[in-house]
Amino acid sequence: MAAPMELSCWGGDWGLPSLHPESLTVMAYAKFAGAPLTVNTINNSWRAPKGDVPILISEGIVISQPAKILNFLRRQKYNADYELSAKQGADTLAYIALLEEKLLPALLHTFWVEAENYCSVTKPWFASRIAFPLSLYLPGKMSREALNRILLTRGGPPLYSLTEVEAQIYRDAKECLNLLSKRLGTSQFFFGDTPTTLDAFVFGFLAPIYKVCFPRVQLQEHLKQLPNLCRFCDDILTCYFRLTLSGHSPAGQDTADANLQKLTQLVNKESNLIEKMDDNLRKSPQHPPRKLTTLKLAAGGEEGSPLNRLSP
Amino acid sequence: AAEPWPENAALYQQLKEEQILLSDNASSLAVQAFLQMCNLPIRVVCRANAEYMSPSGKVPFIHVGNQVVSELGPIVQFVKAKGHSLSDGLDEVQKAEMKAYMELVNNMLLTAELYLQWCDDVTVEEITHPRYGSPYPWPLNRILSYQKQWEVRRKMKAIGWAGKTLEQVLEDVDQCCQALSQRLGTQPYFFNKQPTELDALVFGHLFTILTTQLTTDELSEKVKNYSNLTAFCRRIEQQYFEGHDKDSSTTVAARSAKRSLLR
């Protein structure tokens with residue numbers, strides 16, 4: 001209806017259209033509601049907007065936070081929540097609050113505070129996409145802001161050291177993932193068969209945890225044990241994000257995602273087999289151990305191939 | 001955890017008439033409502049330094065036997081360990097919903113109350129600063145309130161609320177009340193027949209907002225727009241707070257009337 005709107009946000013990698021949870025939420029919502037958006041990923045030219053990301057620019061109006069962007073899209077008649085009842089709308093707000101309180105601190109920690117992750121993955125990735133010399137300053141600032149937010153919201157007494165706070169926020173995040181998994185159950189999306197705002201938010205928060213390859217991955221491992229959430233992310237990626245990624249050929253993306261799905265299923269089967277063999281081992285001590293190690297190596301080898309797609 | 005609930009359990013909060021602020025009063029009332037719903041007797045004790053006595057720095061906290069537990073979340077778990085629980089009858093999906101709604105109340109209502117008390121200049125000048133330091137002599141009262149204000153403003157900035165105007169905050173409160181009202185519908189409690197900790201939490205916040213007089217009435221007007229929420233508050237007040245024993249009778253009488261937080 002309106003002229004095409006432009007969205008400025010962080011770009012993507014590892015099969016995701018964006019690494020930034022809020023940008024991903026807005027992109028997913030736009031896909032669900034059918035809003036025509038041209039996505040401009042921030043690159044290292046100086047024309048990139050400074051300040052809040054993601055930013056929606058439409059006919060000269062600039063809107064900056066995800067909640068406001070979603071409201072704007074709804075007012076432009078791109079409404080993904082059209083068929084929700086009032087109670088479901090209320091549930092949406094409640095679950096979004098749950099995500100922000102319980103999952104976001106751990107997400108911020110995994111990306112920005114955990115030293116190994118930050119130094120080997122996050123900082124180089126973001127620095128390569130910001131113009132010099134801002135790239136020397138901005139990732140550090142984002143990391144400090146993340147730590148600040150975690151400490152101010154979760155770090156009061158009786159938790160006095162950073163390790164205790166970390167332990168608590170990861171516990172909360174794992175509980176939150178379990179709750180989401182129970183709520184999703186076996187249905188395809190949270191409210192039936194069509195995706196809504198809540199699906200956009202959950203996808204925006206879960207997909208970076210699920211896909212980005214970090215050295216320290218306790219949250220990702222926990223998420224992989226909840227197959228319905230993994231299936232949820234994969235479904236949205238394959239159905240809604242096939243065609244628009246610049247620089248990714250759609251067919252290649254398709255087969256890559258299908259391969260990834262097969263690999264995940266294989267890994268799950270292997271881990272079930274390993275558990276059964278473990279049980280057998282405990283019952284009959286003369287069971288030859290060699291089989292176990294070769295199986296484990298095979299599982300490790302298959303998990304290694306997505307790592308090859310890590311760009312410098 | 002194996003000991004039964006003692007008779008002399010006490011709940012500590014700040015001084016009711018002069019010192020306590022909107023957000024602390026809401027949290028305290030939520031805990032009192034929860035304990036009443038579990039049928040556990042509790043005595044409310046008002047101390048000027050309740051915040052400093054608390055193990056986590058937040059009020060209210062309860063002193064049961066030889067243990068001290070603060071804030072609604074840990075208190076619910078503590079009470080559950082003693083064998084009383086309001087949410088046992090819920091299935092997994094309902095428990096997830098209950099937790100989500102409790103986070104919604106904490107995220108929106110509590111943060112809005114904190115914003116109003118500490119970031120809105122008019123309210124800060126006229127209500128918060130005089131009340132917060134009132135038990136202490138000058139200059140300690142001013143120092144303590146400025147310190148607390150700085151802390152709260154830092155937190156607001158970290159979560160992105162510092163840039164919001166009062167209208168935006170009130171709009172958020174309205175959205176939250178709308179969500180709660182829609183979820184409650186025509187049922188007596190949020191999970192139909194039995195009250196849960198979510199009902200206690202919502203009651204604590206909404207009742208405090210409705211009965212506290214601030215510089216403007218806008219906050220309570222937002223809640224009054226939803227008649228099922230006001231009926232809900234009245235119902236819980238009648239069932240759990242009136243006609244209840246000598247311990248809480250003074251607190252109840254003071255609370256049921258429209259109270260003024262102005263000096």
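Okay, a definition to begin with: helices (H or I, at least four residues) and strands (E, at least two) are DSSP runs, numbered from the N terminus. With that, look at strand β1 of chain B, residues 10-13, where you'll find Tyr12(B).

Quick housekeeping. This is a predicted model, so local features need pLDDT of at least 70 and side-chain atom pairs count only at pLDDT 80 or more, while totals for chains, interfaces and linings use all residues. Residues are numbered from 1 along each chain as its sequence is written, chains are lettered from A and ligands numbered from 1 in the order in which they are written, and side-chain values use heavy atoms, with hydrogens and water left out.

Back to Tyr12(B). Is that residue buried or exposed? Buried, because its relative accessible area is 15%, and buried here means under 20%, exposed over 50%, partly exposed in between (1.4 Å probe, protein chains only). Skipping neighbours within four places in sequence, Tyr12(B) has contacts (heavy atoms within 4.5 Å) that include Val45(B), Arg47(B), Met53(B) and Phe61(B). His63(B) is on that list too; it sits 51 residues away along the chain, yet the two C-alpha atoms are 7.8 Å apart.

Now zoom out. Chain B has eleven helices and six strands, and 54% of its 263 residues count as buried. Its C-alpha trace spans about 50 × 40 × 35 Å along the principal axes. Of the contacts with a separation of 6 or more, 76% join residues 24 or more positions apart.
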